[in-house]
Amino acid sequence: MRVADLLDLPVLQGARVVAGASGLEARVRWVHVVDLPDPLPWIDRGMLMLSTGIAWPRRDGELADLVRRLAERGVAALGLAVPHYFARFPDPMRTAAEEVGLPLIEIPWEIPFVRITETVHQLILREQWQELERAEKLHRELMRAAARTRSLDRLVRTLGELLGRSITVEEPDGTLLAYYQRGPYEDAARQVTIESGRAPAWLQEGLAARGYLPPQGAQPYRVPAIPELGLRERVVCPIWLHGELVGLVWIIEGAEPLSGLDLRAAEHAALVFALLFAQQRELAQLEARLGYAFLTTVIEGRFSGSPEELERARALGYDPARCYRVAVIALGEPPLTVEAFQRREQVALRVRRVLRQLAAAPLVATVHDQVIALVEQEAHLERIWQELAGCGLTAVAGRAHAGPDGVRRSYREACTLLEYVSRPGLYRYEDLVLERVLAGDGEARHAFLSLWLGPLERARHGDRLVETLVHWVRARFSVNAVAEELGVHPNTVRYRLEQAGTLLGRDLTDPEAQFELQLLLRLLGREGKQPAALARSRNPRGDLPVG
């Protein structure tokens, strides 16, 4: 308990602090009565020393020196029974106590020291017992949570609820792994970290410049409030695994600092987190090996599609009935050095982690200077690029296709794009088809035709939509001319064009879209092809072998 707490006890009613009030926050761990000429061998740090003053010196200098020596030994407070041998604390002792911050307490002579020691010791033992019980509860709850879940989020929530504090667990580079938020955001730094999924660069750099990152040891340490970084007081607990720093636990302290028990609980939690990380790392390595083997087998055309192989593929999260894009992240340098190899593996690890966070199958492989990933949803592709955007990499993605053959096709499409891009960024196959067509790429011409006609031909009454669209382009985008040529009402033409635009996801009145439609018409003629819908239609003008 604190020295200030002693004064509120009924047994000390009438006692008063006469000097050294600045030390009232000192902690009292024991009470001892010392009435010897040389009390120093009988005292220890954190002690409340009680005395009648019978053996004290009577010279002013010696009395002041006694106070200073007691303060040096860490005495929490000095209590004197008055009035008897001393009517009150002498002025030299008061002056010295004010200088060193040692509380001097005058206790009425009628209060027996034995009652004071008994009462205070009972309270201290009770508090220690309660602290032991709380320590046992913290340990029990953490171990129970660790035994019943493999979720880092659940363990962080358990620790946050036990400590009553907001917590984040981050990788050494600031990537957010899990968090527990208790009430509103405490500061701007925490809000940005949680909303963006990683600690901002300015925060990391600011902490590093002040020596708080990286941690220098395994023990928890405090980071004071840094207003210019939007940071409140924090305690940082490093997470070490086989001598490697794998994470940091950040605990918001707030107005009430964490107790020693809280710090021990946080340190114990960091050990539990390290064990969880070790387990997750082993599972991730196994998962990565299986995913790597599967994806490379499919890309290289060695996937036979047997029932056994399909069963294993589904166990990994791959469904041959669904459509997947193949994304290729090019590092721009072959992994011929240790640094280049580690960079490639780090990129692959980050891609796997993103897919896992999105509850998607983390099917990722590495080939030469490429990291290859199977992506089912467009949002997943965007999230992967968001994770890698600041790394100066180039990412390309083929179109979405179904089945193992579709995976190989998407991979070939992605690799084709690498010949056309020279700047970092994310590029999709369909985004660069027009440029490749204009460059004379034969494969791109087929893709261009498929992009424009495929969605229409697969739709209900798609033959009418294709027929109307091609005639509309050939008629210089005149609705009335098409209506006259097809023998339908102009509103019918407008309705069909509106349907076509919806299926294609394009505004057909846009000049760029109309330029591509004119190019489409030319390519149909050059390729000697015509949509099935136009095979029955003749071109009355005879200007192009289309329709």
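Buried means a relative accessible area under 20%, exposed means over 50%, and partly exposed lies in between (1.4 Å probe, protein chains only). The model is predicted, so local features need pLDDT of at least 70 and side-chain atom pairs count only at pLDDT 80 or more, while totals for chains, interfaces and linings use all residues. Residues are numbered from 1 along each chain as its sequence is written, and side-chain values use heavy atoms, with hydrogens and water left out.

**Exercise 1. Find where Glu387 and Arg350 lie, and say whether they are buried or exposed.**

Step 1. Helices (H or I, at least four residues) and strands (E, at least two) are DSSP runs, numbered from the N terminus. A salt bridge is a side-chain nitrogen of Lys or Arg within 4 Å of a carboxyl oxygen of Asp or Glu.

Step 2. Glu387 and Arg350 form such a bridge, at 3.0 Å from N to O. Glu387 is in helix H11 (residues 378–388) and Arg350 in helix H10 (residues 338–357), so the pair, 37 residues apart, links distant parts of the chain.

Step 3. Both Glu387 and Arg350 are buried.

**Exercise 2. Compare the accessibility of Arg222 and Glu253, which form a salt bridge.**

Step 1. The closest N and O atoms of Arg222 and Glu253 are 2.9 Å apart. Arg222 belongs to strand S8 (residues 221–223), and Glu253 to the loop between strand S10 (244–252) and helix H8 (260–299). The two residues are 31 apart in the chain.

Step 2. Arg222 has 40% relative accessibility and therefore counts as partly exposed. Glu253, at 8%, is buried.

Step 3. How many salt bridges does the rule give? The count is 33. One network of them links Arg325, Glu378, Glu382, Arg428, Glu430 and Asp431.

**Exercise 3. Describe the surroundings of Arg399.**

Step 1. Arg399 sits in the loop between strand S14 (394–397) and strand S15 (401–402). Its relative accessibility is 11%, so Arg399 counts as buried.

Step 2. A polar contact is a pair of N or O atoms within 3.5 Å; within protein, one must be able to donate a hydrogen and the other to accept it, and residues adjacent in sequence count only if both atoms are side-chain atoms. The side chains of Arg399 and Glu413 make one, at 2.7 Å.

Step 3. Contact means heavy atoms within 4.5 Å. Leaving aside neighbours within four places in sequence, the residues in contact with Arg399 include Tyr324, Arg409, Tyr429 and Leu451.

**Exercise 4. Work out how helix H2 and helix H3 are oriented.**

Step 1. Axes are lines fitted to C-alpha atoms, for helices over the stretch in contact, and angles run from 0 to 180 degrees between N-to-C directions. The axes of H2 (residues 60–72) and H3 (residues 91–100) come within 8 Å and cross at roughly 30°.

Step 2. Angles under 35 degrees count as roughly parallel, over 145 as roughly antiparallel, 65 to 115 as roughly perpendicular and the rest as oblique. H2 is therefore roughly parallel to H3.

Step 3. Residues making the contact include Leu63 and Val67 of H2, and Met93 and Ala97 of H3.
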